[in-house]
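Take a moment to turn the model around on your screen before reading on. We will walk through it together, one piece at a time.

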Amino acid sequence: MCSFIACQAVSLAACHDAYNKAMNHEYSKRSGSQTLKGKKKHMLQHDYLLEIINQFVQAVIAALTSARSCDDAAVAQKAARDIERDISDLLDLDPSVALSLTPDSLVTMMILSGLGESISSYVAFALGQVADIYDKIGDSDTASARREQVVAVSSSFGCDPNQPPKEFAEALQHEDKNK
């Protein structure tokens, strides 16, 4: 089922890319250069990306804080599932599908989202934290699956899973100071 979804997504993405290339070619033939409207669109996309990353970081930090604040396995498991849902939301995928994907299929879906490069370090870090939570509650199979996804994401996008993105590092440092 997942490979069928990935194939459908690849086909859809290929059509979308071909359409965008054709439209961009037509636009550049007509205008000859990027207009103010094009620059504003780029700024809005950049601002939107920063906003969704900020929301993602806040949600993951809240779940991590919850998991670290008590030794209750149910609380930790809920935090892991919340982070998994946050990752799915970031990738704009159904949670039941997103994290059941093979590591390579997860990378493919990240690429198809158009945000893969921009969000890879955040996803890799969050998946690593989820793996640690699953280890803590004794679910080594799920922890192993999440670590395989971390390796696939980090090797495909060239990010270091042991180096948290700046926003996570700052938030976790702030959390440690408040303990």
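Let's begin where helices H3 and H6 meet in this predicted model: their crossing is left-handed. To find the pair, look for residues 73-90, which form H3, and residues 116-136, which form H6. The axes of these two helices lie 9 Å apart, and the angle between them is about 160 degrees. Angles over 145 degrees count as roughly antiparallel, so H3 is roughly antiparallel to H6.

Which residues of H3 and H6 make the contact? On the H3 side you will find Ala76, Ala80, Arg81, Ile83, Glu84, Ile87 and Leu90. Facing them from H6 are Ile119, Val123, Ala126, Leu127, Val130, Ile133 and Tyr134. Sorted by class, the contact of H3 with H6 holds 12 nonpolar residues and two charged ones, with no polar residues.

Helix H6 has another partner to visit. Helix H5, residues 103-113, crosses H6 at roughly 145 degrees, and the two axes come within 9 Å. Is the crossing of H5 and H6 left-handed or right-handed? The crossing of this pair is right-handed. Here H5 contributes Leu106, Met110 and Ser113, while H6 contributes Gly116, Ile119, Ser120, Val123 and Leu127. By class, the contact of H5 with H6 has five nonpolar and three polar residues, and no charged ones.

Now follow the chain past the end of H3. In the loop between H3 and helix H4 (95-98) sits Asp92. Its phi angle is near 60 degrees, a positive value in a residue that is not glycine. Is Asp92 buried or exposed? A residue counts as exposed when its relative accessible area is over 50%; Asp92 has 70%, so Asp92 is exposed.

Finally, step back and view the protein as a whole. How many helices and strands does the protein have? There are eight helices and zero strands, so reading from the N terminus gives the order α-α-α-α-α-α-α-α. Of the 179 residues in the protein, 34% are buried. The protein exposes about 10,900 Å², and carbon and sulfur atoms supply 55% of that area.

Terms used. Residues numbered from 1 in each chain as written. Predicted model: local features only at pLDDT ≥ 70, side-chain atom pairs only at ≥ 80, totals over all residues. Heavy atoms only, no water. Axes fitted to C-alpha atoms, helices over the stretch in contact; angles between N-to-C directions. Helix = DSSP H or I, 4+ residues; strand = E, 2+ residues; numbered from the N terminus. Parallel < 35°, antiparallel > 145°, perpendicular 65-115°, else oblique. Left-handed = near helix turned anticlockwise from the far one by under 90°. Contact = heavy atoms within 4.5 Å. Nonpolar A, V, L, I, M, F, W, Y, C, P; charged D, E, K, R; others polar. Buried < 20%, exposed > 50% of the residue type's maximum accessible area, 1.4 Å probe, protein only. Areas by Shrake-Rupley, 256 points an atom, 1.4 Å probe, with all protein chains shown as cover.
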